[in-house]
Amino acid sequence: PPAQADKPLPSLDASQRIAADHEGGPALVEAGPGTGKTRTLIGRIERLLETGVDPRSILALTFSNKAAREIKERIARTIPSANELWAGTFHAFGLELLRKHAALAGLQEPVRIVDPADALERLESLLPSLDLHYYLRLSDPLALMQPILGAISRAKDELCTPEQYAALAEQMQAHAVTDEAREAAAKAAEVARVYGRYEAMLREQGGVDFGDLIWRTITLLEQNDDLLAMIRAQFPHVLVDEYQDVNRASSRLLKLIAGDGRNLWVVGDVRQSIYRFRGASPANMRLFAQDFPGAVVLPLKFNYRSGQQIVDTYTAFARSLDDPVWRAAGQLEAIRGSGIRPKLVIAPTLDAEVAAIAHAIEAHRADGIPFRDQAIVVRTHTHAERVAERLQALGVPSMYLGDIFERDEVRNLLAVVSFVAEPSRGALLRLAITQSYRMGLADVRSFLELAHAADRSPLASLSDPAVIAACAAPARAALERLRDDLAGLRFESTVAEVLNHVLFERRALIDEFLEQPGSGGEQRRLAIFQLLQFAAEHFDPRKGNPKKNLLRWIRRLEQFGEERALRELPAAAASIDAVRLMTVHASKGLEFPVVFVPYLATRHFPQSNRGKLCPPPEGMLRAEDIHDQFEEESLFYVALSRARDHLHLSRSEVLGSQKASESKFLPSIVARLELVRVPNTELLLAGDDLPARPELKLEPEIHDARDLDQYERCPRKYAYAKSLGLRASRDDDGYVLFHRAVYAVLSWVLQE
Ligand code: ATP
Ligand code: MG
């Protein structure tokens, strides 16, 4: 067979080649956006493999599974043995070690991961028994679990135990002079208490959460010299992408694995440090030479991603900032030439702003850039939802890549599944307080206590007249309705039965979400659809055992924890031609021919009040890392630097009912932008200048007409598709692409 290695490797320029070829000692490749850091990392791996290095001795650590997959795929194209190299996230690496050495790490086998959505459910189940004085004054007790969980996971990033957390809270209390400081100390003490309970529960149930994947691995390696020596011997080549996002925990793990760092080779850009809220510290970048003696810092010279005018725009922004790190931003030369001048659209309202975006999207599409190559990058999930809603109304298909497993409707659906499989307190709590049942926390608590006293599971207690009779009247009615809605489901039910039940027989369980008007409801339906699609992708009844026990299904879902946390489309959906809508955080490392950055108004970008609900206790973070503004600045810098050809910034003059002034990030770059004022929406849409939607083409791999016919002939599937708001008409290309996937999912759910 022809030697694959004969194929020419992707070319590197001189500075990239020097970096990729570096030998003898730790190296940090530090360079700006789009300079080919990731590409150089890939080039180095290829070079190592070419020179005969065993792929199994290479460890490439990234911050997302997607990045790791890309590295592997790109190398596999030229070097087939590449799939033997280890490329993955720090978390995945930790998980693998913990799985292999579970006993040594003091973990039960098989190691169970508790992912964020799951952890939330567990915290919720503790809620009735937690006495949260400060936090429970908030109206929605479930809404505070997310920030508390966030605070706990930040503590884990800092390797701060519940006891240490409590000690910090005590110190805060001792030094508090104002009411505000006393309240902050009291809140920190409550978080410390929840943290302690949460840890105890994890230990009891034998699960590990994401934070533990790193922390437990550190402990494992620190306490087992032989294992550590073995790991070091196994991976003489350690590479890290996006080094600026290393936090205290991952940095400690890296130091363990890389030892003196002789074969450590990392790339990063300190100005793109956008995970400071997770403890990422640009200090790690600065301390690289100190941490690894003999380290060299290597630069890259050119920008390959964007036109010069885009590069100059974000460089001007960087240099306008106060911090010396920003001021030192170098002037990069864009290989691709001057390119197109970035635009700033100023619109009277958000409707008009999004209409202008829709208009530009259609225009680019008419020029041959498909929807999927255009991205809208926003600061927050709320922004994404608002933009999605309006795009929807304008008929522009968009995919919003939020984490479906953190969405309410999906968690409700899974709560039913897990309640049936493992009738837990948390699952019941979540169900009982939804709008369909509207039970109060106190009622749920007393029901659970009654069930406990009667020595019955919550599910069984629902049909126990004695338990129900003992509840207060309004709660009784709600519990009876819940019992009726769950009637017919048993512990032994299959996944398909439960989904069928929830989606067809007893819609009450999720109606609250499906019935919501407008595109909020649309997004929710889409999320449920994505869940089904995810399920179908991982549990194909034709390949495996069609009657899967529920509990096993949930366990399997848990194993995809890593994947769940990754805000990414399922593979099958990646080919869907829809505009990519994502947060800046999710856009890291990515590039698109066309990028829109909307909502550039005060209070929206930058955000000013992040993390107020559960701020980290004083003393946990290094003083130099407490600098929220730097992170907001980095986020803007990252957003601007994702564009290859077209960068469209925009803002509205009125948001909500208030006048909105421009983001304070704009003045430093406005001179470089082409200003466009758009009139209000009606005028824009009334014109016939919106291009006519092209004829729908059916792409054979994505769907074919026969499937569609079949689907239309099947009344149950059709009914479901209609309830999802999916119209099966052929002239609607926004939705038609989903039909085939829906069809596949439904075939699976309905087993027909
Ligand atoms: P970020 O800071 O956003 O992570 P990066 O520095 O990792 O960016 P890459 O994503 O590796 O940059 O590269 C940016 C783009 O430039 C990619 O499309 C890449 O293929 C291209 N590129 C990089 N180096 C070269 C080169 N020597 N020749 C041609 N194209 C290149
Ligand atoms: Mg990169």
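Modeller: Let's go from the overall picture to helix packing, the ligand and a few backbone details.

Modeller: This is a predicted model, where local features need pLDDT of at least 70, side-chain atom pairs count only at pLDDT 80 or more, and totals for chains, interfaces and linings use all residues. Residues are numbered from 1 along each chain as its sequence is written, while chains are lettered from A and ligands numbered from 1 in the order in which they are written.

Colleague: How many helices and strands does the protein have?

Modeller: Helices (H or I, at least four residues) and strands (E, at least two) are DSSP runs, numbered from the N terminus. Here the protein has 34 helices and 19 strands.

Colleague: And what share of the residues counts as buried?

Modeller: We count C-beta atoms, placed from the backbone: a residue is buried if 20 or more others lie within 10 Å of its own, exposed if 12 or fewer, and partly exposed in between. Of the 752 residues in this protein, 45% are buried. Contacts tell you something too; two residues are in contact if their C-beta atoms, placed from the backbone, lie within 7 Å. Take the contacts between residues at least 6 apart in sequence: 80% of them join residues at least 24 apart.

Colleague: Okay, helix packing. What do I look at?

Modeller: Two packed helices are described by the angle between their axes and the distance between the axes. The axes are lines fitted to C-alpha atoms, for helices over the stretch in contact, and angles run from 0 to 180 degrees between N-to-C directions. Under 35 degrees counts as roughly parallel, over 145 as roughly antiparallel, 65 to 115 as roughly perpendicular, and the rest as oblique.

Colleague: At what angle do H6 and H9 pack?

Modeller: Helix H6 (residues 145–157) and helix H9 (residues 210–223) pack at about 15°, and their axes are 9 Å apart. That angle makes H6 roughly parallel to H9. The crossing of H6 and H9 is left-handed, a label used if the near helix is turned anticlockwise from the far one by less than a right angle (clockwise would be right-handed). Ser153, Lys156 and Asp157 of H6 meet Phe210, Gly211 and Trp215 of H9.

Colleague: What classes of residue make up the contact of H6 with H9?

Modeller: Ala, Val, Leu, Ile, Met, Phe, Trp, Tyr, Cys and Pro count as nonpolar, Asp, Glu, Lys and Arg as charged, and the others, Gly among them, as polar. The contact of H6 with H9 has two nonpolar, two polar and two charged residues.

Colleague: How does H6 sit against H8: roughly parallel or roughly perpendicular?

Modeller: The axes of H6 and helix H8 (residues 179–205) come within 10 Å and cross at roughly 75°. So H6 is roughly perpendicular to H8. On the H6 side the contact uses Ile148, Ala151, Ile152 and Ala155, and on the H8 side Val191, Val194, Tyr195 and Tyr198. By class, that gives eight nonpolar, no polar and no charged residues for H6 with H8.

Colleague: What angle do H9 and H11 make?

Modeller: H9 and helix H11 (residues 248–258) pack at about 30°, with axes 9 Å apart. They are therefore roughly parallel to each other. H9 and H11 also have a left-handed crossing.

Colleague: Which residues come nearest to ligand 1?

Modeller: A residue is near a molecule if its C-beta atom, placed from the backbone, lies within 6 Å of it. There are 17 residues around ligand 1, and Gly36, Lys37, Thr38, Arg39 and Tyr304 come nearest. Helix H2 (residues 37–50) gives the most to this shell, with three residues. The shell divides into three nonpolar, eight polar and six charged residues.

Colleague: Which peptide bond is cis?

Modeller: The one from Phe605 to Pro606, with omega near 5°. Pro606 is in the loop between strand E15 (592–597) and helix H30 (628–640), and Tyr599 lies in the loop between E15 and H30 as well.
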